[in-house]
Amino acid sequence: MGKLGEAGLAATAGPARTLGMEGECRASQARSWGLPAGGAGGESPGGDAPLPGSISSSALLQAEVLDLDEDEDDLEVFCKDASLMDMNSFSPLMPTSPLSMINQVKFEDEPDLKDLFITVDEPESHVTTIETFITYRIITKTSRGEFDSSEFEVRRRYQDFLWLKEKLEEAHPTLVIPPLPEKFIVKGMVERFNDDFIETRRKALHRFLNRVADHPTLTFNEDFKIFLTAQAWEFSSHKKQGPGLLSRMGQSVRAVALSMRGVKSRPKEFMEMNNFIEIFSQKINLIDKISQRIYKEEREYLDEMKEYGPIHILWSASEDDLADTLKSVASCIDKCCKASEKRMSGFSEALLPVVHEYVLYSEMLMAVMKRRDQIQAELDSKVEALTSKKADTDLLTEEIGKLEDKVECANNALKADWERWKQNMQNDIKSAFTNMAEENILYYEQCLATWESFLTSQTDLRLEEASEDKL
Amino acid sequence: MEQAAPDPERLLQPAPLEPLSHPDAGLESMVGEETKGARDEGPGDGTMTENNFSLKKIEISVSEAEKRTGRNAMNMQETYTAYLIETRSVEHSDGQSVLTDSLWRRYSEFELLRNYLLVYYPHIVVPPLPEKRAEFVWHKLSADNMDPDFVERRRIGLENFLLRVASHPILCRDKIFYLFLTQEGNWKETVNETGFQLKADSRLKALNATFRVKNPDKRFIELKHYSDELQSVISHLLRVRARVADRLYGVYKVHGNYGRVFSEWSAIEKEMGDGLQSAGHHMDVYASSIDDILEDEEHYADQLKEYLFYAEALRAVCRKHELTQYDLETAAQDLAAKKQQCEELATGTVRTFSLKGMTTKLFGQETPEQREARIKMLEEQIKEGEQQLKSKNLEGREFVKNAWADIERFKEQKNHDLKEALISYAVMQISMCKKGIQVWTNAKECFSKM
């Protein structure tokens, strides 16, 4: 019990979100409870993908209930108390240096500091005889013990990110893996490597890695660590390991076959979850389109305004009395244009990327639901086989037992991660829209000040002229 | 639309009763004016005080517009809009107004009035009419003349035209203008009886003069350039303004979609639901606020348009000067040629080639009597020519003086009006910003409650 208690403490401090010597100690304690930093295709009980996990206090209760062996350290059970999870401590929205990120950490009741800081920057184009591609520089700063050093710098290309995502999905089929930016945008893409596209992608990749780092389970994934730290040759040789292409194909074929059977007995809570995901996906897609459209219209409005101001200057050249007033108007319009540019850049920094990320998240969620359903379908098919065939009963029973555990874990993992995701989503959406409102308020305030000062200057002039006339 | 408190500039004085069929009548009365100063509002000099009307303040308004159908000159049915013009006289003491006249006119009658004024007052910058067809439209407005928004804006423009004429120190005294306001039937016939169409300068003559004139007054050359520049810059401004309005409309209206989607989304959210819903409502408010904003801006555009059309009126005065000047130059040339001819005949020297000279050489000299007769005739013509030249000279100088006086008046009016218009533009922007701040502050509050 004592050991449990200690470990429980370690876990309560937030899944491995500890810093400093104390942290290291705790981390190792946590590790003693079997917290492998993500399975990298290791041994697995049922011949399926391994399920590494972290263990927290209520999870321990779960363990008791499920009567799990202490050796079964590759089960993931999550703490359902979302407040213990580190959600707000890091906003992946700000692409800044790792050190400045410390200032953005929000402190819960217990000081809960990040110990893994990642930046993605410096896109570089590489040209070979076969192809041209872009690599991004990834800098990682960490104080974690399991990392050999405290600072790493590597270069990765989009393909590598795809690989990482696939490995994470493999390892944690029912966790909400953060989304990657799209491979390419078909509409309106002239050049694969135009600057805006690269910058947007860079920001999204930055967000992706930070979301993974934030995630209580994924952050300890071994592939993740290798992605962040391995140099070029080491990395490419590592990528070649793992279940081969054929086995992966085999898995996906089976998955499709299973999904064809339909979801028979999806538990009620997952039906509700599915319903939410469907509607959410619809709405967030619409919001994405609306937001993009607003940006486009604002851009075009700005372009026209930029032409509008100078005409007043042109006019002032033909006038004498009116010249000053016209020039003032031109300068006001110019100032409003600058304010609008600022608003638009704020938009493209905060609202647009967040909304788009959640569009991708909604696709991810649907995939997660599917995978969960598949796992359940596997169980269901075996149960069916048992009731109908009555052959190899013992083997089937054993298999069913393992599958039941698997389903249980998958469901619990999803449920917990779902809560975490929802909370994050709420915060992100709220802050993105609040930011949009603030940008608009600032814009209007700046324009208001500009025009009001114009007005006072004109009335002052008129009073001056009036008093001059009286003289 | 009632006019506000009548101001001194808008006095309408009853026109003099002298017939105005003589094209120079306008000039004469103006000459009278000149001796007293350009902005004289009081009763004119002797030529004018046939009547002893006391100064009465008059309000003019174009208060209604109505669709009518009728038969046109070719007996085909047509639809047109008629406008109600109401004239009120204001009693000094209590400021109450009494309706004195009210009649309906259509746009073509306004055009007729203006064309008449252009002919009889060529030295005046005649106020322009609002546009015949909607131009510089952005997508919301239709270019249809029957569109209610267009009709409304035209009604205001026509009223503005009448007020401008009524407040012009010279034009306001014109009888035809007075009859336009007071005599519904028969007015068209009365105007046509003046025969003004015949007295109008032909376009060809004017073009010819523009090319051939040698010494126009420098100020008019500058004025012509200015009017060209003004026209070009205001057209450009109006075009871009229309595009800006279009874009702004788009920005605001798309936000309305947020309202709908937020509302639908709020149905599945427990904690975020209320915040989303109320924020959505504010997005709707934002989207619909643009309609009023752009309607106000349309009035600003109309103010600019008036001066766009004024540029043409300025050019008309310049053209008249060129014509007058060219006429003068031609007369002087003719006179000089005749004088030379006469001299040659008298002295017997032939300095220039002439047919007479040739025939004389070929067929012998004419008799002294014949020569004397010719000299006498030429001397008569020269005397006549000198008289004509003198009066044309005077005419020309008078024209320049009076035209320039009106141009100065116009310049002041223009500077004042356009400054006011620019200030009103700023006021509109301020109002738009304040509305924006309010809506987004409300929205932000809703978001923060999510």
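The structure is a predicted model, in which local features need pLDDT of at least 70 and side-chain atom pairs count only at pLDDT 80 or more, whereas totals for chains, interfaces and linings use all residues; side-chain values rest on heavy atoms, with hydrogens and water left out. Residues are numbered from 1 along each chain as its sequence is written, and chains are lettered from A, and ligands numbered from 1, in the order in which they are written.

Secondary-structure elements are DSSP runs numbered from the N terminus, helices being H or I runs of at least four residues and strands being E runs of at least two. Chain B holds eleven helices and three strands, and from the N terminus on its elements follow the order α-β-β-β-α-α-α-α-α-α-α-α-α-α. With contact taken as heavy atoms within 4.5 Å, 76% of the contacts in chain B between residues at least 6 apart in sequence join residues at least 24 apart.

Salt bridges were defined by a side-chain nitrogen of Lys or Arg lying within 4 Å of a carboxyl oxygen of Asp or Glu. A search of the whole structure on this basis finds 61 salt bridges over all chains. One of these pairs Glu307(A) with Arg243(B), with an N to O distance of 3.0 Å; because Glu307(A) lies in helix H10 (residues 268-316) of chain A and Arg243(B) in helix H8 (residues 218-266) of chain B, the pair joins two chains. Glu307(A) is partly exposed at 32% relative accessibility, and Arg243(B) is likewise partly exposed at 33%.

Within chain B, a salt bridge is formed between Arg106(B) and Glu78(B), whose closest N and O atoms are 3.1 Å apart. This pair links distant parts of the chain, with Arg106(B) in strand S3 (residues 97-106) and Glu78(B) in strand S2 (residues 77-90), 28 residues apart. Arg106(B) is partly exposed, with a relative accessible area of 24%, and Glu78(B), at 21%, is also partly exposed.

A further salt bridge in chain B brings together the side chains of Glu131(B) and Lys305(B), at 2.8 Å from N to O. Here, too, distant parts of the chain are linked, since Glu131(B) is placed in the loop between helix H2 (107-120) and H3 and Lys305(B) in helix H9 (residues 273-347), 174 residues apart. Both Glu131(B) and Lys305(B) are buried. Through salt bridges that share partners, Glu131(B), Arg153(B), Arg241(B), Glu297(B), Glu298(B), Asp302(B) and Lys305(B) are joined into one network.

Helix H9(B) also takes part in a helix pair. On the H7(B) side, the contact involves Arg203(B), Lys205(B), Ala206(B), Asn208(B), Ala209(B), Thr210(B) and Arg212(B), which meet Glu312(B), Arg319(B), Glu322(B), Leu323(B), Tyr326(B) and Glu329(B) in H9(B). The residues of this contact divide into four nonpolar, two polar and seven charged, where Ala, Val, Leu, Ile, Met, Phe, Trp, Tyr, Cys and Pro count as nonpolar, Asp, Glu, Lys and Arg as charged, and the others, Gly among them, as polar.

Arg173(B) is located in the loop between helix H3 (148-167) and helix H4 (175-182) of chain B and counts as buried, at 9% relative accessibility. Its side chain reaches the backbone oxygen of Pro169(B) at 3.0 Å. The C-alpha atoms of Arg173(B) and Asp284(B), which are 111 residues apart along the chain, are separated by 54 Å.

Positive phi values in residues other than glycine occur at Glu122(A), where phi is near 50°, and at Asn186(B), where phi is near 75°. Glu122(A) belongs to strand S1 (residues 116-127) of chain A and is partly exposed, with a relative accessible area of 38%. Asn186(B), by contrast, is found in the loop between H4 and helix H5 (187-193) of chain B and is exposed, at 52%.

Key:
Buried means under 20% relative accessible area, exposed over 50%, partly exposed in between (1.4 Å probe, protein chains only). A polar contact is a pair of N or O atoms within 3.5 Å; within protein, one must be able to donate a hydrogen and the other to accept it, and residues adjacent in sequence count only if both atoms are side-chain atoms.
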